[in-house]
Amino acid sequence: MRCVWDDIVGQARVADFLRTAVVTDRLAHALLFVGPPGAGKKTAAKALACAIFCDDDGCGACPVCYRVRHGGHPDVHIVEPEGTAGYMVEQVRDLTRDVHLAPAEGSIKVYIVESADLFNDSSANAFLKTLEEPPADVVFILLAHAFDSVLPTIVSRCQVVRFRRIPPSEATALLVQQTGTDEQRAGAALAAAGGVVARARDFLESSDRRAARDLILRTLTDLDVMDDLDVLEAAKSLLVAVRAPLDGVKAAHEAEIKEQADFLGKGALKSLEDRQRRELTAREREGVAEVLNVAESWLRDCLVLGQGVADLVVNTDVSDAMERVAAVITPPASAVALEAVNEARRRISYNVSPQLAIEAMLFDIREVLRCPR
Ligand SMILES: [Zn+2]
């Protein structure tokens, strides 16, 4: 079993810095992880949280590490903006109230705050005091793509940890080296995993997740000849495929409940069930995100193939099936189809059901594929 620090791939300086901070007990109470998408900031934030909670500084093998990694630890909170334009004052007030509550299990709480660049002056103001002087048992890990886009008042209260951009060729090489897979499979896995090496590694190890990839690729290939009912069925099947890897998780959850039921009080049992529900939701979201990533990379592949740059195709295992679309799709049409994928991401982040979001995306892409100019 690999330790959690191995999850931080291609960012040796970051991994060393964080590990030293944890081991020497000198971790700042507020960190700002800055780096481009795919640099592995969220994965690193989870690895750090594992190391904070694990008795063995992030062994990667114990139940605590498992729960933090998979979104099932009650004292690790992932915070995302709830407003359409970012964090709202009301959400931040709720957050700062929550921060002052005692941890559910351990002696510490970790808040992973995504999109730290989406605070405006008012919501930042509501947050600053807590960020500056959080309760002793709280660690904030803020994530942002670019340093300049975060308000200076937030930056100045955080220890900044910079993540470098991992060039795709290096990410592929790392993945090949770590898993022994070939370059083509590595490239496709990275596309599904949004460029994050650690997630691509998990993807390659899961036949269920690879099956979900195959299904969205088949759906896209046939999409222009599908009728409405076919599209609805396809969206449903995709969700079934995304949920397939969850069966094992559910079985483990049931076993856990069975084992604990006689020992836990009502309250503890309920919090166990809540935690398990959170883990399932987090895993489903990751699976849906992978399907959307694959759709995005397929659309890009069709475009570059059509432009005669076959070298840039990522999903080389299906390039033959792309030829028909590649021959006719124009850059503006591609842009419309890619926007449909982004719209699906947005909808899901606003809590639209994944199935509805995927249905809408498939209908929009079908429009483009039927009239790709
Ligand atoms: Zn551990």
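A: Helices H11 and H16 cross in a right-handed way. A crossing is right-handed if the near helix is turned clockwise from the far one by less than a right angle, and left-handed if anticlockwise. Helices are DSSP runs of H or I with at least four residues, strands are E runs of at least two, and both are numbered from the N terminus.

The model is predicted: local features need pLDDT of at least 70, side-chain atom pairs count only at pLDDT 80 or more, and totals for chains, interfaces and linings use all residues. Residue numbers start from 1 along each chain as its sequence is written.

H11 covers residues 228-243 and H16 covers residues 354-370. They pack at an angle of about 135 degrees, their axes 9 Å apart. Axes are lines fitted to C-alpha atoms, for helices over the stretch in contact, and angles run from 0 to 180 degrees between N-to-C directions. H11 is therefore oblique to H16. Oblique is what remains once angles under 35 degrees count as roughly parallel, over 145 as roughly antiparallel and 65 to 115 as roughly perpendicular.

Which residues of H11 and H16 make the contact? From H11 come Val 231, Leu 232, Ala 234, Ala 235, Lys 236, Leu 238 and Leu 239. H16 gives Pro 354, Gln 355, Ile 358, Glu 359, Leu 362, Phe 363 and Arg 366. Contact means that C-beta atoms, placed from the backbone, lie within 7 Å. By class, ten of these residues are nonpolar, one is polar and three are charged. Here Ala, Val, Leu, Ile, Met, Phe, Trp, Tyr, Cys and Pro count as nonpolar, Asp, Glu, Lys and Arg as charged, and the others, Gly among them, as polar.

Another pair is H7 with H9. Their angle is about 45 degrees, with axes 10 Å apart. These two helices are therefore oblique to each other. Their crossing is right-handed. H7 contributes Ala 171, Leu 174, Leu 175, Gln 178 and Thr 179, and H9 contributes Val 197, Ala 200, Arg 201 and Leu 204. Six of the contact residues are nonpolar, two polar and one charged.

Helix H8 (residues 183-192) is mostly covered, with seven of its ten residues buried. Buried means 20 or more other C-beta atoms within 10 Å of a residue's own, exposed means 12 or fewer, and partly exposed lies in between, with C-beta atoms placed from the backbone. The buried residues run from Ala 186 and Gly 187 through Ala 188, Ala 189, Leu 190 and Ala 191 to Ala 192. They pack against H7 (168-179), H9 (197-205), H10 (207-222) and H13 (266-306). After H8 comes Gly 194, whose phi is positive, near 65 degrees.

Now a strand. Val 76 sits in strand E2 (residues 76-79). Val 76 is buried, with 24 other C-beta atoms within 10 Å. Beyond residues up to four places away in sequence, Val 76 touches Ala 49, Val 68, Val 110 and Ile 112.

Last, the whole protein. It has 16 helices and five strands. Of its 373 residues, 40% count as buried. The C-alpha trace spans about 60 × 50 × 45 Å along its principal axes. Among contacts between residues at least 6 apart in sequence, 75% join residues at least 24 apart.

Definitions and conventions:
Contact = placed C-beta atoms within 7 Å.
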